[in-house]
Amino acid sequence: MKKNWKKLFLVCCALILTIFSGMTGIRAEDKLNVVTTTTHLTDLVQQIGGDKVTVTGLMGAGVDPHGYKPTPSDIDKLSEADLIGHNGLHLEAMFTDVLESMEKNGKNIFSLEEAVAEEDVLEYPYEGKDLDRDPHIWFDVEIWKQATQLVGDKLSELDPDNNEYYQENVKAYQTQLDELNTYIEERVDEIPEESRYLITAHDAFNYFGENYGFEVVGIQGLNSQTEAGTGDISAVADLAIEHNINATFIESSVPDRNVQALVEAVDARGGNLEIGGVLYSDALGTDEENAGNYIDAYKTNVDTIVDALK
Ligand SMILES: [Zn+2]
């Protein structure tokens, strides 16, 4: 008799465990499934969505969004998403057709472009068809705060039960972004104003330059997919000599051949231009590189720039 009770007890325990794990299984499936393109946006949705959403980022560390083509498996992920987020402003040029056709079919899609007032988008005198507005908006911390609110609102809209959770995360993250802004201002103050020239592989840093007083020069222009001519490299080399600039920077998502060619061109003119380090421009890096999320990557960039130019 005693044995039977023990057996019954064990059966009950097993039953309770099964029911409980079944319940948590259902909850996991109920989570909002968000698919994002760039690493910056993936991080932002993770910061705000926390454990209430499942976020799948299509691009990994060091991937160049200008040239990234969606794979068949990306298309599957996009089709299964409850919500799709992209940067917009033609950054992810190869996604335009796919996203347009999904939007026509009623998919929930948002672009960070929605968060930015038209007058805050920097214009760029680039001759290409679609890139006359600068898409590198994440380098404007104020714009990124607005993007944070947009992400919170999109999540709340589709998952109103967790509205309070998302909005609290928005507030907390915006405070962290204010602290980041103070950090950037304090560090940039270490560089004399006449030395604030930022020469990189392509023009990803115009918003940064605008906000913190840098003259920004991209060897390849706004789109990493265009080729720099020898004329471009000569012109930048002349500028480096003229303004006595001592460092240029590699970008983790762009091949470094033009930066190397620039260093040689300055050398040939009797000057000296060092490579100041790697910047995380259009893609975040890894945690090991201290660039696995937006705030870390921004701080790492600023430390690299300031340490090389001060
Ligand atoms: Zn870019």
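Predicted model: local features only at pLDDT ≥ 70, side-chain atom pairs only at ≥ 80, totals over all residues.

Reader: How many aromatic pairs does the structure hold, and by what is a pair of aromatic rings described?

Author: A pair of aromatic rings is described by how far apart the centres are and by the angle of the planes. The structure holds 11 aromatic pairs. One of them joins Y68 and F95, whose rings are stacked, with 6.0 Å from centre to centre and 15 degrees between the planes. This pair links distant parts of the chain, since Y68 belongs to the loop between β2 (53-57) and α3 (72-80) while F95 belongs to the loop between β3 (83-86) and α4 (96-104), 27 residues apart. Both Y68 and F95 are buried. The pair of F205 and F208, by contrast, is edge-to-face, at 6.4 Å centre to centre and with 80 degrees between the planes.

Reader: Does F205 count as buried or exposed, and what of F208?

Author: The cut-off to apply is that buried means under 20% relative accessible area. F205 has 1% relative accessibility and therefore counts as buried, and F208, also at 1%, counts as buried because of that value.

Reader: Which charged residues lie over the face of a ring?

Author: K52 lies over the face of Y165, 5.0 Å from the ring centre. In another case, the charged end of K299 sits over the ring of Y183, at 5.2 Å from its centre.

Reader: Turning to the helix α10, what should I look at with regard to its span, its N-terminal end and its burial?

Author: Helix α10, residues 294-309, has 16 residues and reaches 22 Å from its first C-alpha to its last, which is close to the 22 Å expected at 1.5 Å a residue. Its N-terminal end is capped by N293, of which a side-chain oxygen lies 3.2 Å from the backbone nitrogen of I295. Of the 16 residues of α10, 12 are buried, so the helix is largely enclosed by the rest of the structure. Among the buried residues are Y294 and Y298, and these two also belong to the aromatic cluster.

Reader: Finally, what lines the largest pocket, and which element gives the most to its lining?

Author: The largest pocket holds about 270 Å³ of space. Its lining is made up of 16 residues, of which H86, G88, T96, L99 and S111 lie nearest the centre. Helix α4 gives the most to this lining, with four residues, and β4 (109-111) also supplies at least two.

Note on methods
Residues numbered from 1 in each chain as written. Heavy atoms only, no water. Expected span 1.5 Å × (residues − 1). Buried < 20%, exposed > 50% of the residue type's maximum accessible area, 1.4 Å probe, protein only. Polar contact = N/O pair within 3.5 Å; in protein donor to acceptor, adjacent residues only side chain to side chain. Phe/Tyr/Trp six-rings, centres within 6.5 Å; stacked < 30°, edge-to-face > 60°. Lys NZ or Arg CZ within 6 Å of the ring centre and 35° of its normal. 1 Å grid on protein atoms, 1.4 Å probe; cavity = no way out; pocket = protein on both sides within 12 Å on 5 of 7 lines; lining within 4 Å. Points joined across faces, edges and corners; volume = space filled by probe spheres on them.
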